[in-house]
Amino acid sequence: MTRPTLTPFISVVTLALAACATMARAAPIWCSGGSVNAQARPVADRDAPQELAGAQQKLARAEAAMQRGHYEHARILAEQAEADAKLAWTVAENVRVQRSAAEVQDGTRALREEMERKGR
């Protein structure tokens, strides 16, 4: 390549590498945002609202840090937001399972009472 052709090529490569670096820094935030919004929210809205709110707050703080160029801090907050989203999902799932177990116990008790009544 000649020198005049090489300069635009170097500029394009430099821009592409910068874009990739920025995308790599933003990826944890996008992934965490996906965890908070897609996975945890439908389950945790009702049964783990505090844990979900904590995840959403950390995600917002991560996005703000990203905007300020504090990429390492943003990554840490994004990872914490993802962990909080998983906690929210787990707490909500636990509540759902306990609710289902209580319903089964109620059904079992009702059947037992019905059988005792018919057995007399």
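## Overall make-up

How many helices and strands does the secondary structure of the chain come to? There are three helices and zero strands, where helices (H or I, at least four residues) and strands (E, at least two) are DSSP runs, numbered from the N terminus. The order of elements from the N terminus on is α-α-α.

The model is predicted, with local features needing pLDDT of at least 70 and side-chain atom pairs counting only at pLDDT 80 or more, while totals for chains, interfaces and linings use all residues. Residues are numbered from 1 along each chain as its sequence is written, and side-chain values use heavy atoms, with hydrogens and water left out.

## Packing of α2 and α3

Helix α2 spans residues 49-67 and helix α3 residues 71-119; they pack at about 165° with axes 8 Å apart. Axes are lines fitted to C-alpha atoms, for helices over the stretch in contact, and angles run from 0 to 180 degrees between N-to-C directions. The two are therefore roughly antiparallel (under 35 degrees counts as roughly parallel, over 145 as roughly antiparallel, 65 to 115 as roughly perpendicular and the rest as oblique).

Residues of α2 in this contact (heavy atoms within 4.5 Å) include L52, L59 and M66, and those of α3 include Y71, L77 and A88.

## Burial and core

Of the 120 residues in the chain, 20% are buried (under 20% relative accessible area, with exposed over 50% and partly exposed in between; 1.4 Å probe, protein chains only). The largest nonpolar core has five residues, A44, A48, L52, A88 and A92; such a core is a set of buried Ala, Val, Leu, Ile, Met, Phe, Trp, Tyr and Cys residues joined through side-chain atoms within 4.5 Å.

Leaving out residues up to four places away in sequence, A92 touches V43, A44, D47 and A48.
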